[in-house]
Amino acid sequence: MSHSLKESVLPCLHEHKPIIHHSHEHGEHEHHHHTHEVNVHRPQQRRALFICVVLTALMMVVEFIAGYLTGSLMLVSDAIHMLSHATALSVSFLAVILAQRKTSEHLPFGLYRVEILAAFFNGIGLAGFSVWIVYEGVLRILNPVNILGPELTAVALIGLAVNLTTAVILQKAGLEDLNTKSAFLHMLADTFSSIAIVVGGIIISFTNWIIVDPILSMFVAVLVTRWSWGLLRDSVLILLERKPDNVNVAEIQSELRTEFPTIKDIHDLHIWEITSQFVCLSAHIVLDDMKLSETQNIRSNITEHLKHHFGIAHAVIQVEC
């Protein structure tokens, strides 16, 4: 197995990942074997998201008030971004809570896909924010508004401190799953936005060049658009059950046939993601005619190998003679 592939699957064993390993194996008579290694509670991620929601909401109120008083589009737009971000963080927090629910007949994989839906809507929110900022920026260029530079700079510095704090909190909580990564990207967008506001406030304070306010606002919107596109693309591909980029089907087939010489052929092999780094696999393997109990040992060894070497959390192996 390549070094890059090993590195890509190792995060699945991180303590903050939603590790759920199910192996369903089918032979001549249906037989199920289940192994569970569940750590869905993610206390560190829940705590980090909750703290970030509180900090972001408080800063949002401050920026709304300061933006109105100083006349700055950057502060008002960043306050709206903070509102979007606070909502996104709340959805992310809710997704982690919902993911703890047990599986049922109607939801055999539980609610893990809620996290991908949260990431998807976070991306839509970022895209909508970007469009609004560009629109308002154009209006401000055509109709300049007087801005209080020193006050703008002071509030921007506070916002930057809050964004850096929340970014560090999220980074330490772990970024392996797409949901937490989406919240972190929101936070990065806020951080760059705050830096732009600080720079703009300093320029306006010393030069009174108020056109800097809408120009920098639109620059931040362009950066956010790039992040939102990547987030939307990744979440949609997972919802479409794509094969993870870091999993090589040919490599898995080759290694299984090398590790298990009793396998004569492997076909109908499918690999997809339920949620970020929760990878599933189904395959048919061809063996010589043997007792069902003997095939059971082979299937168990295959699923364990897939789990530990490729990060396959859920494997369905069907035996053919």
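Please keep in mind that the model is predicted.

I'll start with the cores. The largest nonpolar core contains 26 residues. Inside that core, Leu75, Leu152 and Ile197 have the most contacts. Which helices supply at least two residues each? They are α2 (43-70), α3 (73-98), α4 (113-142), α5 (149-173), α6 (178-207) and α7 (212-239). Of the contributors, α7 gives the most, namely six residues. There is another core apart from this one, with 21 residues, including Phe260, Ala283, Leu287 and Leu306. As general background, nonpolar side chains in soluble globular proteins tend to be buried together.

Back to Leu152 for a moment. What does Leu152 touch, once neighbours within four places in sequence are left aside? The list is Thr70, Ser72, Met74, Leu75, Ile147, Ile197, Gly201 and Ile204.

Next, Met187, which sits in helix α6. Is Met187 buried or exposed? Its relative accessible area is 0%, so Met187 is buried. Setting aside neighbours within four places in sequence, Met187 is in contact with His85, Asn163, Thr166, Ala167 and Leu170. For a sense of distance, take Val162: it is 25 residues from Met187 in sequence, and the two C-alpha atoms are 9.8 Å apart.

Now the aromatics. The count is one aromatic pair. The pair is Phe120 with Phe121, ring centres 5.5 Å apart and planes at 70°, so it is edge-to-face; the cut-off for that label is over 60 degrees. How accessible are these two residues? Phe120 has 22% relative accessibility and therefore counts as partly exposed. Phe121, at 52%, is exposed, because the limit for exposed is over 50%.

Last, the cysteines. Cys280 has a relative accessible area of 0%, so it is buried. Cys321 has a relative accessible area of 70%, so it is exposed.

Definitions and conventions. Residues are numbered from 1 along each chain as its sequence is written. This is a predicted model: local features need pLDDT of at least 70, side-chain atom pairs count only at pLDDT 80 or more; totals for chains, interfaces and linings use all residues. Side-chain values use heavy atoms; hydrogens and water are left out. Rings of Phe, Tyr and Trp (its six-membered ring) pair if their centres lie within 6.5 Å; planes under 30 degrees apart count as stacked, over 60 as edge-to-face and the rest as tilted. Buried means under 20% relative accessible area, exposed over 50%, partly exposed in between (1.4 Å probe, protein chains only). A nonpolar core is a set of buried Ala, Val, Leu, Ile, Met, Phe, Trp, Tyr and Cys residues joined through side-chain atoms within 4.5 Å. Helices (H or I, at least four residues) and strands (E, at least two) are DSSP runs, numbered from the N terminus. Contact means heavy atoms within 4.5 Å.
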